[in-house]
Amino acid sequence: MPVEFLSTSAIVLGILGRLLPVFVVMLVVMGASFAFRRRLGLYGQLYDSGIGIVGVALVLFWLIAAILAPVVAPFDPYVQVRELQNALPGALHPATDEAFLLGGDALGRCVFSRMIWGSRVVMAIAPAATLFAYAIGITLGLPAGYFGGWLDTGLTFLANLVLAFPVILLFYLLVTPEIRQTALPGTMAAVLFAFPLVFVLVFLAARFRERPGVLALTAVPAAALGGVVYLGLLGIWDPTGAVAMDANTLNIFLAVVFVTAPTVFRIVRGLTLDIRTRDYVAAAQTRGERPTYIMMWEILPNARGPLVVDVCLRIGYTTILLGTLGFFGLGVAPESPDWGSTINDGRRFLRLFIHPALPPALALMSLVLGLNLLADALREQSLKD
Amino acid sequence: MLVFLGKRLGTMILTAICLTAIVFSLVNLRPNLERLAKEQVSPRMTDQQVEVWLRDQGYLRPWAERYVEWLGGVVRGDWGQSTRFRAPVSEVLAPRLGLTGVLMFWVLMVMIPSALVMGIVAGMREGSLPDRAISTVAIGTTSTPEYVSGVVLTVIFASQMVGLQWFSGSAASAAETGPTLQNFALPVLTIAIYGMGYIARMTRASMAEVMTQQYIRTARLKGVSFRGVVLRHALRNALIAPFTVIMLQFPWLLTGVVIVEILFNYRGFGWLLVEAAANNDIELLLACSVVAVVIVLATQLISDVGYALLNPRIRVSG
């Protein structure tokens, strides 16, 4: 039975129609943000520049698409329709007459649906991995910059060691099926995932040391929550099943955090070295504040400007790293709809069929571009102050 | 200067030893060795046979002993045998490295001049229209990793369905008969685009900073033309920072090379690294790692020394 196709205009309308919920939510969020931009601090200032608005729009688009994926995507990303293998955009499903808006891939899966579902993988891992890398980089970078000496020398050497590894080599060594049979991922997870917990507790303890009541009110819930998440991430005890990662994801997550953390460490250390010489730090030292207080509550808040800019860049870079892993088929589950894997699946037939590889490639590019534009707009805003 | 150089070299050698030790242990993890045994003898070996084979081959000796032995071999030029290609590693590696060297040469030839020109034009008049246009393009290219630009470029220039078909989508023939514009344009462009924006932005920042300096104003007030100021006074000082950036790009370029060699089927060093890793070829993977690590460390050393030489204000003491 010959497959029937939609016309080009029908395809465009179809795609816009599927994306309508995303656009509606975007319009509401951005409209409200724009109206109240004077009261929204740094985020509100983004709406003052064209670059900032474009950046927010691109990032928000993919964020909302990821959240609404079950509504937006017409098909299950894993379902294969044999009649629609390599079908061109607009091909109609023979049974239901629903369209494969961007065509089918080599296994007859809906390219559009896979692209939308793929955004979930990125949006779940990239920001989380960046945050973990930040927790590690800050926890180690602050004391290295503040105290200097052998601590600084040692940590800097370690960071440079990881940075001297070509990323791709590290991935090929760390993200293999064999390595999962060893204790290495578990050990790495236990060490790396402990840092956010340590960071939060030191952060609170440094501030509320003199006020045990407040300390108990903040630190105990934080420790309890952090502890549960920590045990869940390690797969030791996870009553809700909300935080546990499967072995594939854990391996990818660890590799990305491990590669990103040294860069963050270097940035934080550099900022600390600079801010340490300021008068307000000297004033705090003269008051007799403890080093943890000075680092967490004097230096860190004053380093936030460059750090916020870098977080945006870093999430974009993490997205690229995730794509690289997917492209080499490292650590991703088979048939995973993440963008790197779909690009890799599609590129084999690229000279004959362009539609399976192009959408995820452009999707990844637009998200990273959005994040880079955000970072640029934030940098401009911070220069104005 | 000599003390500085010596210190740097010392750190570099220490780093190299640490890195190779890490790679050596990761490659020689127990599951990897078991897989190797099953590949080399028969997939249906029992655990006991695997144990015996590994012991006979000397894989179960103490880690330190094996590492020192391997390191000694590397220093003497004995890089071991490749199980994937069934040939000495050095014979497999050398021609592939040459091929990648050719690719890198063309990438640098395309990337560095265009990035520098972009950065200088953008930075010499901060906030002007060319500056805004170039800065936006630069952000765009840094958002386009090789696996994206490779796909997009192939679609535009090589696809049989909609493309212009100017260039070939495969660089396989470049490895055999030498590079031509037809088979080499896409791989070179793909790598160059991703690095270009970053270098251009760094050059722009450096150039913009130099242009605000007092001596530039003095030169302008003395009546030197804008062109003369840019070319004679600003350029020399503005190019110090990009030099470091370019040197530190090499680790990223290596990732790009691997992606592009897979994408365009160019069988150079990157392709070899993937083959070695995918086929559990332990000695070849180790050799590839050594080469990669040495390249990265050497460029770092050149960047440090070059920076000190180029910038007289940074005369390193001790």
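Let's start with a cysteine: Cys288(B) has a relative accessibility of 0%, so it counts as buried. Before I go on, please keep in mind that this is a predicted model. Over in chain A there is another cysteine to look at, Cys110(A), whose relative accessible area is 0% and which is buried as well.

With cysteines on the table, how many disulfides are there over all chains? The count comes to 0, taking a disulfide as a pair of cysteine sulfur atoms within 2.5 Å.

Now to chain A as a whole. Its secondary structure consists of 16 helices and 2 strands.

Next, the inside. Of the 385 residues in chain A, 52% count as buried. As for contacts in chain A with a separation of 6 or more, 73% of them come from residues 24 or more positions apart.

Chain A has an accessible surface of about 17,000 Å², and carbon and sulfur atoms hold 68% of that. For those of you who think about charge, chain A carries 25 positive and 23 negative side chains. The centres of those two sets lie 7 Å apart.

Thanks, everyone, and I'm happy to take questions.

Note on methods:
Residues are numbered from 1 along each chain as its sequence is written. Chains are lettered from A and ligands numbered from 1 in the order in which they are written. This is a predicted model: local features need pLDDT of at least 70, side-chain atom pairs count only at pLDDT 80 or more; totals for chains, interfaces and linings use all residues. Side-chain values use heavy atoms; hydrogens and water are left out. Helices (H or I, at least four residues) and strands (E, at least two) are DSSP runs, numbered from the N terminus. Buried means under 20% relative accessible area, exposed over 50%, partly exposed in between (1.4 Å probe, protein chains only). Contact means heavy atoms within 4.5 Å. Accessible areas come from the Shrake-Rupley method with a 1.4 Å probe; for residues, only the protein chains shown count as cover. Lys and Arg count as positive and Asp and Glu as negative; His and the chain ends are not counted. The place of a charge is taken as NZ of Lys, CZ of Arg, CG of Asp or CD of Glu.
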